[in-house]
Amino acid sequence: MHAQFRKLALAASVAMALAAMSDVTTAESQSYTDTRQETQIWTTYALSPDLRANDLKVLVRNGKATLRGMVADEVHKELATDIALAVSGVDSVDNQIAVTSDYVPPEPKPGADRSYGVMVDDAAITAAIKSKLRWSKQANGMTTSVKTRSSRVTLTGNADSQADKDIAGRMASNTDGVLVVDNQLVVDALRPTPVEGAKGAVEQARDDVADSWITTKVKSTLMYSSNVSGSAISVSTNGGIVTLSGLVASGLERDLAIELAQNVRGVKTVRSSELRY
């Protein structure tokens with residue numbers, strides 16, 4: 001009888017221990033989920049040009065997000081709610097963000113580290129400029145380093161001519177998000193070696209028949225560029241001849257689109273009679 005009682009007691013103790021372990025595991029799992037959701041919301045705020053400067057606080061517990069902080073516009077408060085609700089598993093939002101029309105986000109302190117959102121923007125700007133330069137006709141004779149900090153771009157390296165240096169500077173300046181360009185490229189008029197020249201000729205010959213490649217790179221160059229509505233311009237290529245069509249806002253925008261297309265490697269000429277303003 002006593003032995004049976006001890007067995008029952010032991011079984012009950014094991015069951016209670018397993019239940020307690022299950023509760024701990026569930027609590028840890030929920031805590032992980034809450035943290036993951038908070039991180040998703042905060043990261044999206046940090047990447048949003050409208051919200052990144054605001055010091056918004058996020059707390060998630062069991063699918064409910066609580067938001068605190070201050071913004072200058074009701075629209076931005078609504079945006080914060082919409083972003084939080086878009087995160088998987090967040091069922092409700094308690095938006096306690098205060099709207100103050102004269103609120104001005106604090107300026108970063110001199111020498112302070114860049115915010116996460118700014119660093120992502122800088123990386124995107126650097127990648128866009130590097131891509132545009134790599135696709136350009138000037139790329140074969142140019143070694144360029146691109147560094148971006150707080151939307152300010154520095155170009156270093158070598159260019160074959162002053163014209164190539166100037167074109168690289170304009171391409172960087174016309175990249176979306178760039179505030180200013182410090183063009184430190186050094187003009188080096190030395191002719192390429194025979195090996196480099198032969199390599200460039202082979203690449204050029206290959207590009208002459210790569211119409212789809214040319215079209216893609218022209219489109220991408222226009223999309224990366226400020227002062228040009230890339231989405232409003234249609235691009236087609238036939239035998240290296242690029243045709244631009246669509247509507248632009250001004251003659252200046254039209255001229256810039258033509259220049260950007262003309263500078264893409266493999267382009268023989270640009271037809272723009274269908275590009276109107």
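I looked up Trp135 and found it buried, at 10% relative accessibility. My classes: buried is under 20% relative accessible area, exposed over 50%, partly exposed in between (1.4 Å probe, protein chains only). The model is predicted, so I kept its limits in view: local features need pLDDT of at least 70, side-chain atom pairs count only at pLDDT 80 or more, and totals for chains, interfaces and linings use all residues. Residues are numbered from 1 along each chain as its sequence is written, and side-chain values use heavy atoms, with hydrogens and water left out.

**Aromatic pairs**

I searched the whole structure and got two aromatic pairs. Rings of Phe, Tyr and Trp (its six-membered ring) pair if their centres lie within 6.5 Å; planes under 30 degrees apart are stacked, over 60 edge-to-face, the rest tilted.

Trp42 and Tyr116 make a tilted pair, 6.0 Å centre to centre with 35 degrees between the planes. Trp42 sits in helix α1 (residues 2-47) and Tyr116 in helix α3 (residues 116-135), so this pair ties together parts 74 residues apart in sequence. I took helices (H or I, at least four residues) and strands (E, at least two) as DSSP runs, numbered from the N terminus. Trp42 is partly exposed at 43%. Tyr116 is partly exposed at 39%.

Trp135 and Tyr224 form a stacked pair: 6.1 Å centre to centre, 15 degrees between the planes. Trp135 is in helix α3 and Tyr224 in helix α6 (residues 211-224), 89 residues apart. Tyr224 is partly exposed at 33%.

**Salt bridges**

How many salt bridges does the structure hold? I have four. The criterion is a side-chain nitrogen of Lys or Arg within 4 Å of a carboxyl oxygen of Asp or Glu.

I noted Asp121 with Arg52, at 2.4 Å, N to O. Asp121 lies in helix α3 and Arg52 in the loop between α1 and β1 (57-61), so the bridge ties together parts 69 residues apart in sequence. Arg52 is partly exposed at 23%.

Arg170 and Glu259 also meet in a salt bridge, at 2.7 Å, N to O. Arg170 is in helix α4 (residues 162-173) and Glu259 in helix α7 (residues 251-262), 89 residues apart.

Asp55 bridges to Lys57, with the closest N and O atoms 2.8 Å apart. Asp55 is exposed at 52%, while Lys57 is partly exposed at 43%.

**Gln184**

I located Gln184 in the loop between β8 (180-183) and β9 (186-187). Gln184 is partly exposed at 40%. Its C-alpha atom is 9.8 Å from that of Ser145, 39 residues apart along the chain.
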